[in-house]
Amino acid sequence: MDKKALSERDICTKFITPALERSGWDIASQVREEFPLTSGRVIVRGKMHMRGTRKRADYALFYKPNIPIAVIEVKDNNHSLGDGMQQALTYADMLQVPFVFSTNGDGFLFHNKVTSDGVIEKELDLEGFPSAEMLWKRWAEHRGLTEEQNILVIEDYYSDGSNKTPRYYQLTAINRTIDAIAQGQNRILLVMATGTGKTFTAFQIIWRLWKAKARKRILFLADRNILVDQTMTNDFKPFGQVMTKIQKRQANKSYEIYLSLYQAVTGTEEEKNIYKQFSPDFFDLIVVDECHRGSAAADSAWREILAYFSSATQIGLTATPKETKEISNIDYFGDPVYTYSLKQGIDDGFLAPYKVVRIDLDKDMEGWRPDKGMLDKYGNEIEDRIYNQKDFDRSLVLEKRTELVAKKISDFLRRTNRFDKTIVFCENIDHAERMRQALANENSDLVSQNSKYVMRITGDNEEGKAELDNFIFPESRYPVIAVTSKLMTTGVDAQTCKLIVLDQRIQSMTEFKQIIGRGTRINEEYGKYYFTIIDFKKATELFADPDFDGDPVQIYVPEGDDSPVPPDIDECDPMEGGPYPETGHDRTWTDVEETGTGDEGSGVRRYVVANVAVSVVAERVQYFDVNGRLITESLKDYTRKALSGEFASLDDFLNCWNGSEKKQAVIEELEKQGVFFDALSDEIGRSSGKTFDPFDLICHVAWGMPPLTRKERAEQVRKRDYFTKYGADARRVLEALLDKYADEGVTHIEETQVLTIAPFTDFGTPMEIIRAFGGLDNYQHALHELEQALYSA
């Protein structure tokens with residue numbers, strides 16, 4: 001057998017798997033080949049998307065199901081033994097495993113993170129691979145686990161029989177939490193971005209502790225009814241008859257798993273604090289969902305529950321750990337045992353990236369002052385002062401402003417999809433109702449077909465709250481647009497929400513992250529891979545805040561009457577940024593919405609002005625480089641620098657371009673390096689109205705070559721009588737390909753699928769067309785020569 005001729009998969013099958021079997025590993029339950037780690041970042045190109053490279057470990061080794069202990073990276077035999085080690089170490093860090101192996105089929109390079117003899121890496125032969133028991137023993141000894149602790153740490157996960165493995169970060173969060181509890185830690189904080197499965201993670205933690213009888217009576221606390229109900233019917237369903245929801249202020253002590261609203265067990269009057277009907281040691285585990293809210297404040301009524309059951313192990317779950325001068329949950333729970341951020345979720349492809357459209361209105365930017373003695377719509381004299389953005393929709397309403405916002409939202413949906421689920425965040429309930437009316441008028445054709453096309457979903461409105469589930473369910477077409485204030489900032493699992501509108505001043509990172517989280521879930525079945533934020537009140541200016549850990553694909557500021565839909569640019573990697581006003585008060589299901597007030601002492605709740613014109617202020621488009629930093633220089637200068645890092649000279653680029661079998665590969669690689677081809681084409685072609693090929697954009701921007709349009713390049717090829725050497729049938733095909741290039745670009749002619757559309761279908765089937773060239777190789781050669789002719793000028 002010539003081992004050098006074997007593929008990587010052959011090496012796995014013929015050498016690595018047999019070596020594991022000989023060492024006593026159970027291939028069915030302990031060994032996972034090509035173990036998926038990430039889904040590949042969603043890369044957005046205009047209205048299109050693609051997946052980036054998915055990370056997979058060649059082998060993930062588990063001591064027990066879902067308890068990983070090692071990874072193996074395999075290379076073919078033309079590589080050295082340790083060529084895969086650095087890649088393996090990356091995967092090991094993701095899975096948080098201590099033992100790492102690299103192999104080429106000749107043996108193993110073993111990296112031991114918990115070595116006690118100072119030798120961190122050593123070579124092993126194929127017969128010397130350590131057994132599962134041997135590795136686990138080393139790992140347990142390193143952590144100092146007692147026999148009792150070890151039993152808890154290896155307690156089984158819940159399985160529904162499908163053998164579905166939690167995502168790598170969920171495994172890490174669950175296992176780290178169980179490990180911390182096994183070693184005596186009683187205050188634990190888990191930070192996981194919205195949409196990454198916090199509740200499922202909590203369920204597995206509770207299940208394992210409960211099944212091991214390490215914790216027998218458990219309380220799960222949330223602050224929204226919908227959170228509790230979703231949890232009971234979805235993730236916690238396996239608990240069945242031992243689970244109950246505390247309601248109607250009754251404490252039934254015959255269950256083991258309790259779910260409750262904070263508000264259901266606390267109150268301002270002592271008799272309403274029904275949690276005191278339980279003895280302080282009744283619960284031995286309390287899980288606090290969304291612990292960044294009221295429970296983070298030391299004087300909060302919610303915090304009283306935690307203090308009362310102080311002997312219980314307490315786990316805080318949050319997407320946004322709250323750290324202010326007055327409020328800290330890190331101070332209470334301690335540093336997080338694990339953090340999985342929004343940025344990580346987007347990079348891994350588990351969360352949807354997003355574009356940002358910033359729309360600045362003239363009165364927001366410049367302020368507005370009433371004429372002396374001016375009366376509002378209801379005859380109230382308006383206080384003479386300058387009103388600005390922080391006043392609008394709070395102490396003063398400009399009805400034309402509301403109408404303009406509704407028009408811009410509707411324009412966006414008309415240009416994308418009018419049935420894309422949309423959430424509009426307003427300042428208060430009054431603002432939300434006015435926005436509902438304005439949106440209904442802007443979309444009267446659809447509202448006349450179904451009045452639920454636009455719904456106000458706020459804490460005071462039973463009809464709106466009744467439609468919340470329909471908004472959430474992907475299968476329900478209506479409501480399409482949900483107008484809200486605070487009610488939908490958290491706990492709404494809107495998987496198909498594609499548009500989030502901010503017409504609300506946001507000044508706190510915590511609330512901003514929660515709002516962004518309404519759109520970050522991916523739903524491939526319904527085509528939801530990314531979403532858009534339209535920002536009317538400059539909330540997204542705080543993207544540059546270093547505390548923010550998620551990155552916009554694009555930030556776009558339309559000018560005047562420009563379309564609110566961002567131009568098609570190619571995704572660069574993100575940036576750090578984020579934002580909302582803290583009240584410091586507990587919020588309940590009913591008082592979560594602000595009703596809004598006017599100026600103190602004025603006697604007028606809110607001035608309403610009907611006929612003051614409002615318009616969009618012209619601004620600029622903003623882009624971010626591959627590291628997420630705002631590009632402050634011109635797009636041309638930035639691109640010139642990016643290209644100089646890739647190509648030493650024009651000849652260097654031409655050799656790369658002409659030597660590439662497919663130009664699409666070169667274009668995609670440059671896009672990954674942060675070259676914005678569509679934006680460059682818009683900028684360079686704006687004055688002339690011309691559209692340029694990526695080849696000409698590069699040559700023009702980097703080396704000053706005069707650009708040619710695609711039509712000009714196509715015409716030059718025709719003038720050279722390039723097609724005369726081909727037969728009549730082949731010539732017709734090549735002329736059609738040249739027309740297709742002139743209209744749509746080189747990437748559209750490189751795939752044979754182009755032969756399945758008009759006008760090629762007039763020439764015969766793809767096989768008949770290829771036969772006219774004498775076979776596929778000859779067709780591809782002719783296409784390559786056509787590309788050479790196009791770019792020889």
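Good morning. The count of aromatic pairs comes to 48, where rings of Phe, Tyr and Trp (its six-membered ring) pair if their centres lie within 6.5 Å, and planes under 30 degrees apart count as stacked, over 60 as edge-to-face and the rest as tilted. One of these is the tilted pair of F101 and F129, at 4.4 Å centre to centre with 40° between the planes. F101 belongs to strand β6 (residues 99-103), while F129 lies in the loop between β8 (121-125) and α4 (132-143), 28 residues apart. Helices (H or I, at least four residues) and strands (E, at least two) are DSSP runs, numbered from the N terminus. F101 and F129 are both buried; buried means under 20% relative accessible area, exposed over 50%, and partly exposed in between, with a 1.4 Å probe and protein chains only.

Before I continue, two remarks on the source. This is a predicted model, in which local features need pLDDT of at least 70 and side-chain atom pairs count only at pLDDT 80 or more, whereas totals for chains, interfaces and linings use all residues. Residues are numbered from 1 along each chain as its sequence is written, and side-chain values use heavy atoms, with hydrogens and water left out.

I return to the rings. Y158 and W207 form an edge-to-face pair, 4.9 Å centre to centre and 70° between the planes. Y158 is in the loop between α5 (147-153) and α6 (168-182) and W207 is in helix α7 (residues 198-211), so the pair ties together parts that are 49 residues apart in sequence. Y158 is partly exposed, at 29% relative accessible area, whereas W207 is buried at 11%.

Next, the helices. The axes of α25 (residues 710-719) and α26 (residues 728-744) come within 7 Å and cross at roughly 160°; axes are lines fitted to C-alpha atoms, for helices over the stretch in contact, and angles run from 0 to 180 degrees between N-to-C directions. The two helices α25 and α26 are therefore roughly antiparallel, the term for angles over 145 degrees.

Finally, the backbone. Most residues other than glycine have a negative phi, and most peptide bonds are trans. Y478 and P479 are joined by a cis peptide bond with omega of about -5°, and P479 lies in the loop between α18 (468-472) and β20 (481-484). N66 has a positive phi, near 75°, and sits in the loop between β4 (56-64) and β5 (67-74). Thank you.

How values were computed
Angles under 35 degrees count as roughly parallel, over 145 as roughly antiparallel, 65 to 115 as roughly perpendicular and the rest as oblique.
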